[in-house]
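I opened the notebook to record what I looked up in one structure. The entries follow the order in which I checked things.

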Amino acid sequence: MNACVRAVVRTALYHGVEVYGIMRGYSGLIKGEIVRLDTTAVANMVQRGGTLLKSARSQKFTTREGRQEAYNQLVHHGIEGLVVIGGNGTFTGAQLFEQEFGIPTVGAPGTIDNDLYGTDYTIGYDTAVNTALEAIDKIRDTADSHDRAFFVEVMGRDSGYIAIPCAIGGGAEIVLVPEQEQSLESVIDMLQAGRKRQKSSFLVVVAEGDEEGNATTVAAKVKEAIPELDVRVTVIGHIQRGGAPSAADRLLASQIGIAAVEGLINGMHSVMAGIIDRKLVYTPFEDCIKRKKPLNQSFMRMIEILST
Ligand SMILES: Nc1ncnc2c1ncn2[C@@H]1O[C@H](COP(=O)(O)OP(=O)(O)OP(=O)(O)O)[C@@H](O)[C@H]1O
Ligand SMILES: O=P(O)(O)OC[C@H]1O[C@](O)(CO)[C@@H](O)[C@@H]1O
């Protein structure tokens, strides 16, 4: 996020536009936690994880009264346009806010989950995948030397975008994702088939939102069905949300930050800046919120082939 904030600030200043940072998202907007940002405020930030603006959820912004207070703060500070970084919820709020109060807003896709329509990748996703994969590589050493079956849970809320590259890159036998139904019986069958082929260790990547349950639940059910299997569970957790951003994320965040500000300056509003097939695109919030980014089915096939 920091790399995106930095790009937004520097682009605005480059075009002679005054820029303010709003602390803690809509919550800080309502409370007037608004600070003027100059170029030094974002110096030494491109390589840092997290966000200097902090992050918070705001129940109050979902109410008309809360949004009125937010608007009053913008008027008070003379702010005429907004760049919002976030996911579906952030854009839903921004769209409503713009409809009610006419403040032009451009969005930047900021979530590790990569589940946003209108961009191939979201800011933070590549870093999260690399972090999870690094952990999986280490887990594999134990799986291999101790002949164990590891069930590794990765983040992604209701999506399997993090799980899939982790499964392919981590050499997993099975991946469980919310977008695709896969019965527990089929998981058990695949593990049994592997055992018949004298396979001694297994890696199953489970997206946290999978229909069959989280990694702990799935592992317990598998253990019940195959008691001989030495089963372990690892939940990778919030380390996926932090750390220095990858090169790809720094580049993406910088491109999007520039595009968001230049979009606003050029009169765009209620759109999200994204990159599709390496090209900059602006997608209406309406589509980002309502449409689903389809899962690449060829990736699922790859896992099946590569685990043979
Ligand atoms: N229906 C809505 N109306 C008004 N504001 C909303 C609405 N939904 C969400 N928001 C505002 O947007 C904020 C961010 O939404 P949310 O918590 O869903 O995160 P997000 O942007 O989807 O990112 P992520 O879930 O990936 O962290 C909420 O705290 C809330 O203030
Ligand atoms: O830190 P919290 O509030 O528990 O949220 C965790 C969720 O946020 C994300 O990290 C990003 O949306 C999801 O992958 C995860 O389900």
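**Entry 1: ligand 1.** I started with the side chain of arginine 57, where an N or O atom is 2.7 Å from an oxygen atom of ligand 1. The model is predicted, so I read this distance as part of a prediction. Next I looked up glycine 89, and here a polar backbone atom is 2.9 Å from an oxygen atom of ligand 1. Arginine 157 also takes part, with a polar side-chain atom 2.9 Å from an oxygen atom of ligand 1. I then noted the cover: on its own ligand 1 has 620 Å² of accessible area, and the protein covers 73% of it.

I listed the surroundings after that. There are 16 residues around ligand 1, and Arg57, Ser58, Gly87, Gly89 and Thr90 come nearest.

**Entry 2: asparagine 88.** While in helix H4 I stopped at asparagine 88, which is found there. Its relative accessible area is 31%, so I wrote asparagine 88 down as partly exposed. I also checked a pair that is separated along the chain: asparagine 88 and leucine 116 are 28 residues apart, and their C-alpha atoms are separated by 7.2 Å.

**Entry 3: ligand 2.** I moved on to the second ligand. The residues around ligand 2 are Arg57, Thr111, Ile112, Asp113, Met155, Gly156, Arg157, Glu208, His238 and Arg241. In glutamate 208, a polar side-chain atom lies 2.5 Å from an oxygen atom of ligand 2. For histidine 238, an N or O atom of the side chain is 2.8 Å from an oxygen atom of ligand 2. For arginine 157, the distance from a side-chain N or O atom to an oxygen atom of ligand 2 is 3.2 Å. I noted that ligand 2 exposes 400 Å² when taken alone, and that the protein buries 71% of that.

The class count for the shell around ligand 2 is 5 charged, 3 polar and 2 nonpolar residues. I asked which domains the shell around ligand 2 draws on. At least three of its residues come from domain 1 (2-124 + 245-290), and at least three come from domain 2 (127-241).

**Entry 4: arginine 157.** I went back to arginine 157, having noted its side chain at ligand 1 and at ligand 2. Arginine 157 lies in the loop between strand S5 (149-154) and helix H6 (163-170). Is arginine 157 buried or partly exposed? Its relative accessibility is 47%, so arginine 157 counts as partly exposed. I also looked up alanine 207, which is 50 residues from arginine 157 in sequence and 7.8 Å from it in space, C-alpha to C-alpha.

**Entry 5: threonine 111.** Threonine 111 is among the residues around ligand 2. I placed threonine 111 in the loop between strand S4 (105-109) and helix H5 (125-146). With a relative accessible area of 15%, threonine 111 is buried, because the cut-off for buried is under 20%. A polar atom of the threonine 111 side chain lies 3.0 Å from the backbone nitrogen of aspartate 113.

**Entry 6: positive phi.** Asparagine 44 has a phi of about 60 degrees. The loop that holds asparagine 44 runs between strand S2 (34-36) and helix H3 (64-77). Asparagine 44 is partly exposed, at a relative accessible area of 48%. Glutamine 198 has a phi of about 70 degrees. I found glutamine 198 in the loop between helix H7 (184-196) and strand S7 (202-207). Its relative accessibility is 68%, so glutamine 198 counts as exposed.

**Entry 7: the whole chain.** I finished with the totals. The protein has 11 helices and 10 strands. Of its 308 residues, 47% are buried. Along the principal axes, the C-alpha atoms fill a box of roughly 70 × 35 × 35 Å. In UniProt, an unreviewed entry lists residues 1-263 as "domain: Phosphofructokinase". Over residues 1-263 I noted 45% helix and 14% strand, with the end C-alpha atoms 19 Å apart.

Technical notes: Residues numbered from 1 in each chain as written. Chains lettered and ligands numbered in written order. Predicted model: local features only at pLDDT ≥ 70, side-chain atom pairs only at ≥ 80, totals over all residues. Heavy atoms only, no water. Near = heavy atom within 4 Å. Polar contact = N/O pair within 3.5 Å; in protein donor to acceptor, adjacent residues only side chain to side chain. Areas by Shrake-Rupley, 256 points an atom, 1.4 Å probe, with all protein chains shown as cover. Helix = DSSP H or I, 4+ residues; strand = E, 2+ residues; numbered from the N terminus. Buried < 20%, exposed > 50% of the residue type's maximum accessible area, 1.4 Å probe, protein only. Nonpolar A, V, L, I, M, F, W, Y, C, P; charged D, E, K, R; others polar. Domains from an automatic or database assignment. UniProt positions renumbered as here; feature names shortened; annotations may be inferred.
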